[in-house]
Amino acid sequence: MENCNSPSDQKPVAGAEVERETDCRVHVFSSSSELLEKLHEKWDSGKESPYPAMYSSVFGGIILDPAMMVIPIDDHMVHRGHGVFDTAIILNGYLYELDVHLDRFLRSAAKAKVSSPFPRSKLRSILVQLTAVSRCTEGTLRYWLSSGPGDFLLSPSGCPTSAFYAVVIKDKVYQHREGVKVITSTIPMKSPLFATMKNVNYLPNVLSVMEAEEKGAFASIWVDEEGYIGEGPNVNVAFITHDKELILPFFDKILSGCTAKRLLELAPKLVEHGRLTGVRTANLTVEEAKDSAEMMYIGSTLPLLPIVMWDEQPIGDGLVGELTMALSDLLWDDMVAGPETQRELVTYM
């Protein structure tokens, strides 16, 4: 392994290239202004930044310069994974389901034993103001609670205060009409304690997606130790039986998806119109799930994505299902024209 440590009798020279015994040269920044100039090089390409605004409780305000959208290296969310997060959608100048996501966010924080530096009302106000300042009318609003910066130990007892971060991300939000392929993940599913809180420990999720991509699939499906269907890497999964019943797995061992729960509220409309025979949550075996007529992912940023093939086996006739798209239309209509309880109008600055 290459050793880039300085000889014991050699002191770093500010603003110069420090020569190492192995010819590895590491630049030493002489000032904060020099470092800031270097940071700006990444963002001064003429392209618009996808991150128009960030909030940091460490800085105590909103940051518009993407080069300064950083968090401390000794933040325990960085080096210990002691933090939680959540996401809300920005569409047509509205925040969709902000309150239900914020409520889940605080439930996750309580499970992770991360206190908030602010009451819920202030957290919400910060998120709305951040979106307004960003002038972003389409994208995502992501936010984190961390046990905070302080040291590099396991315990957060040395952290003076917890930290709250949020960032607005410009992105396209649209309905998906094409189906995708999935696989059964061989990466072990998270235990219920960690799966039911939206914490930042997403290595299993990352490895699960990478495994799927390596096999030419979009993503994967987790199966629990009892052989029942769990969820996708960062989405819920739903099925329509040949009897036209919508079934989602129980939420006791997986994340309680806000969009999935909203779909459970909206789907009875299709029962009223005779298109679905029922809507429920249940345990589903892999065999039962693969025998379904239609299958889909459900998540905030999708909001619904048809699945047409699983482990190289077609779902139903291998085509995007009519009822899948009917459910997608219900969700999409709710996002673009739903009630005020679901959509928060942003007053842009």
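**Overall make-up.** I counted the secondary structure and found 10 helices and 17 strands in the protein, where helices (H or I, at least four residues) and strands (E, at least two) are DSSP runs numbered from the N terminus. The model is predicted, so to speak of local features I need pLDDT of at least 70, and side-chain atom pairs count only at pLDDT 80 or more, while totals for chains, interfaces and linings use all residues. Residues are numbered from 1 along each chain as its sequence is written, and side-chain values use heavy atoms, with hydrogens and water left out.

I then took the extent of the C-alpha trace, which spans about 80 × 50 × 45 Å along its principal axes. Of the 349 residues in the protein, 48% are buried, buried being under 20% relative accessible area, exposed over 50%, and partly exposed in between (1.4 Å probe, protein chains only). For contacts (heavy atoms within 4.5 Å), I noted that residues 24 or more positions apart account for 68% of those with a separation of 6 or more.

**Nonpolar core.** I looked up the largest nonpolar core, which has 28 residues, with Leu95, Leu127, Leu141, Tyr143 and Phe164 having the most contacts inside it; such a core is a set of buried Ala, Val, Leu, Ile, Met, Phe, Trp, Tyr and Cys residues joined through side-chain atoms within 4.5 Å. At least two residues of this core come from each of β3 (53-56), β5 (83-91), α3, α4 (120-134), β7 (138-146) and β8 (163-170), and α4 gives the most, with 6 residues. For Leu141 I listed the contacts beyond four places in sequence, among them Leu95, Leu127, Leu130, Val167 and Val168.

**Strand β8.** I recorded that 7 of the 8 residues of β8 are buried, so this strand is largely enclosed by the rest of the structure. Two strands pair if DSSP finds at least two bridges between them; β7 and β8 run antiparallel and are joined by 8 bridges, while β3 and β8, also antiparallel, are joined by 4 bridges. Val167 in β8 is the bridge partner of Met54, and Arg142 stands opposite Val167 as well.

Leaving out residues up to four places away in sequence, Leu106 touches Arg120, Leu123 and Leu145. Between Leu106 and Ser162 I noted 56 residues in sequence and 13 Å in space, C-alpha to C-alpha. In helix α7 (residues 258-266), 7 of the 9 residues are buried, so the helix is largely enclosed by the rest of the structure; the buried ones include Cys258, Arg262 and Leu266.

**Cavity.** I searched on a 1 Å grid over the protein atoms alone, a cavity being a set of points where a 1.4 Å probe fits but cannot get out, with lining residues having an atom within 4 Å of a point. Grid points are joined across faces, edges and corners, and a volume is the space filled by probe spheres set on the points. The structure holds 1 cavity of 30 Å³ or more, and the largest cavity has a volume of about 40 Å³. Its lining includes Glu294, Met295, Pro306, Ile307, Val308 and Thr324. The elements that give two or more residues to this lining are β14 (294-298) and β15 (304-310), and β15 gives the most, with 3 residues. I sorted the lining into 8 nonpolar, 2 polar and 1 charged, with Ala, Val, Leu, Ile, Met, Phe, Trp, Tyr, Cys and Pro as nonpolar, Asp, Glu, Lys and Arg as charged, and the others, Gly among them, as polar.

Technical notes: On a 1 Å grid over the protein atoms alone, a cavity is a set of points where a 1.4 Å probe fits but cannot get out, and a pocket is an open set with protein on both sides within 12 Å along at least five of seven lines; lining residues have an atom within 4 Å of a point.
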